Amino acid sequence: MTGGTIAMLIFILLIFAFTFYLVSKTLKHEN
Amino acid sequence: MENMEKRESWGSRFGALMAMAGMAIGLGNVWRFPYMVGENGGGAFVFAYLVVMALIVVPLSIIEAGMGKGVGKGVIDTYTHIFKNKTTGITLGGISALLYFAMNFFFIAVMGVSLYFIYVSAVGLWTTIPPDQIYDHVNSNKTVLLGLFMVLCIFISYVVYKGISQGIEKVSKFMVPGIFVCFGITIIYSIFAFPNIADGFNYYLNPDFSKLASFKLWLAATGQALFSVGVGPGCILVYGSHLKKKEDATLQVTTMALVDLSAAIIAGLAIIPATIALGLNPESGSKLIFVVLPTLFSQIPFGNVLGILVFTAVFFAGITSAIAQLEVPVTTFMDAFNWKRGKTVLVFTIITIVCSVPAVYSDAVLNFWSDLAGNYGFIVTAGIGAIAWIYVYGVKKIRVEYLNPTSEITLPTAFDMLVKYFAGPIMIIIMINSLFPFL
């Protein structure tokens, strides 16, 4: 796997982590 | 205004988020986005897509959801409110809602085929029929496809009949996470099952940043993002109209766009690397799903299980969008003409059956509906919608009155400039270019 691919996989994991953070933020405010 | 109290709202924030994500996540995430990533510089396309999402698609979606939340009505009433004229409202709103609804005339038939492919995977039909001929075999079995169409049509109608919180929300809370689970298991299996999976990952993701200089890459990323999230024709507006007044539409829509992007990336990770690792050519559109994937599953151990997972994910992605495509006209006509939900659903279900059955039997009819509603109709109504809420109603009013008071994210004045002078014009140019290519 190239360095670029690994870097992109890390970038994608960051996107997923941010998405998860926003989803959990939504859940946190659940009544 | 007297029936405002009776109007349904989402039962929970998570439910609203899953319903919005279910509306946005559709076949484009599965059969178009992964192909475009592979063809347009891998990671560079994902990067461009994120930029386009942040600067164009999310701001426009926030405005549409804010408009929906503020007016709290369907598409006809919203246009009437904007133009202060009932005839204009009925004309523009009615056309928008009906053209969006008309996508179901081909969509449910395609969903029937994908449901059939779950069965194809379960019985391993590729052991008796060459995998590249399975689609033709399935497509020739019209009686079964008609039966599947009817089952799906009744299912979708029942979900919409049950309403916002008891129908759409419940189904979305199950199906949207289901998409991620099915694709997630497929990715994990692929990593361990294919010795040369790294080649597939390189094809899919290795960034070629020189392609960021290509105008066509940005054009492709913008078009894909706008279509995927579904900005303009009124779906975000209607789903936003069911948000409670105290809800944070800005946060909900931003999260929805990221969940939509994550679903597209995950679908690509599940499909493209494995396809490349087996030396197959990743195609776009229905050919990827119904020809390339059965060929892939026929060549690997546990192909049946993987087939069931992937086609289930495709089915979930499609069906939640089909539900939105029925809910938008149902809400719109209920609000505009004070119809009861049951009666409205029945009327639109009958129209669906009348218009879709010929599409089950004829590819020409299917392509006609696909072109009319999925292509031209979407583009025209999305353009009209964007002009109406951005330039006629006004971004500032939506931001100040409907969005900021109940949001954790305070949108600044610069947001108005971004939408009016950048995101809005680009969307309109992209839509015109889709109809009459000039770029």
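This is a predicted model: local features need pLDDT of at least 70, side-chain atom pairs count only at pLDDT 80 or more; totals for chains, interfaces and linings use all residues.
Arg7(B) sits in the segment before helix H1 (13–24) of chain B. Is Arg7(B) buried or exposed? With a relative accessibility of 15%, Arg7(B) falls under the 20% limit and so counts as buried.

If we set aside residues up to four places away in sequence, Arg7(B) touches Gly72(B), Lys73(B), Gly74(B), Ser241(B), His242(B), Thr331(B) and Asp335(B).

The last name in that list deserves a second look. Arg7(B) and Asp335(B) join their side chains in a salt bridge, 2.7 Å from N to O. This pair ties together distant parts of the chain, since Arg7(B) lies in the segment before H1 and Asp335(B) in helix H16 of chain B, 328 residues apart. Asp335(B) is buried too, because its relative accessibility is 11%.

**Salt bridges**

The rule finds 8 salt bridges over all chains of the structure. Here are four of them, with the N to O distance for each.

| Salt bridge | N to O distance |
|---|---|
| Arg7(B) and Asp335(B) | 2.7 Å |
| Arg13(B) and Glu247(B) | 2.5 Å |
| Lys397(B) and Glu401(B) | 3.3 Å |
| Lys25(A) and Glu408(B) | 2.8 Å |

Take the bridge between Arg13(B) and Glu247(B). This pair also links distant parts of the chain: Arg13(B) belongs to helix H1 of chain B, while Glu247(B) is in the loop between helix H13 (235–241) and H14, 234 residues apart. Arg13(B) counts as buried because its relative accessible area is 11%. Glu247(B) is buried as well, at 9% relative accessibility.

Lys397(B) and Glu401(B) tell another story. They are 4 residues apart in helix H18 (residues 363–403) of chain B, so about one helical turn separates them. Lys397(B) is partly exposed at 32% relative accessibility, and Glu401(B) is partly exposed at 44%.

Salt bridges can also join up into a network, as they do for Glu8(B), Glu327(B) and Arg341(B).

**A buried isoleucine and the nonpolar core**

Which residue touches the members of that network? Ile164(B) does: leaving out residues up to four places away in sequence, its contacts are Glu8(B), Ser9(B), Trp10(B), Glu169(B), His242(B), Glu327(B) and Arg341(B). Ile164(B) is found in helix H10 (residues 164–193) of chain B. It counts as buried because its relative accessibility is 0%. Ile164(B) and Gly15(B) are 149 residues apart in sequence, yet their C-alpha atoms lie 9.6 Å apart in space.

How many residues make up the largest nonpolar core? It has 177, and Phe183(B) and Tyr239(B) touch the most other members. Helix H14 (residues 249–277) of chain B gives this core its largest share, 20 residues. Beyond its neighbours within four places in sequence, Phe183(B) is in contact with Val30(B), Ile266(B), Ala267(B), Ala270(B), Ile271(B), Val310(B) and Ala313(B).

**Two loops with a positive phi**

Lys84(B) is not a glycine, but it has a positive phi of about 55°. You can find Lys84(B) in the loop between helix H5 (75–83) and helix H6 (86–102) of chain B. At 71% relative accessibility, Lys84(B) counts as exposed. Asn338(B), also not a glycine, has a positive phi of about 55°. Its place is the loop between helix H16 (303–337) and helix H17 (341–361) of chain B.

**Where the two chains meet**

The size of an interface is often given as the accessible area lost when the parts come together. Chain A and chain B bury about 2,100 Å² between them, with 75% of it on carbon and sulfur atoms. On the chain A side, Met8(A), Phe16(A) and Thr26(A) lose the most area to chain B, together 24% of what that side buries. The contact involves 20 residues from chain A and 27 residues from chain B.

How many salt bridges cross this interface? The rule finds 1, and it pairs Lys25(A) with Glu408(B). The side of chain A that touches chain B divides into 11 nonpolar, 7 polar and 2 charged residues. Between the two chains, 5 residue pairs are in polar contact.

How values were computed. Residues are numbered from 1 along each chain as its sequence is written. Chains are lettered from A and ligands numbered from 1 in the order in which they are written. Side-chain values use heavy atoms; hydrogens and water are left out. Contact means heavy atoms within 4.5 Å. Buried area is the accessible area (1.4 Å probe) that two parts lose on being put together, summed over both. A salt bridge is a side-chain nitrogen of Lys or Arg within 4 Å of a carboxyl oxygen of Asp or Glu. A polar contact is a pair of N or O atoms within 3.5 Å; within protein, one must be able to donate a hydrogen and the other to accept it, and residues adjacent in sequence count only if both atoms are side-chain atoms. Ala, Val, Leu, Ile, Met, Phe, Trp, Tyr, Cys and Pro count as nonpolar, Asp, Glu, Lys and Arg as charged, and the others, Gly among them, as polar. Buried means under 20% relative accessible area, exposed over 50%, partly exposed in between (1.4 Å probe, protein chains only). A nonpolar core is a set of buried Ala, Val, Leu, Ile, Met, Phe, Trp, Tyr and Cys residues joined through side-chain atoms within 4.5 Å.
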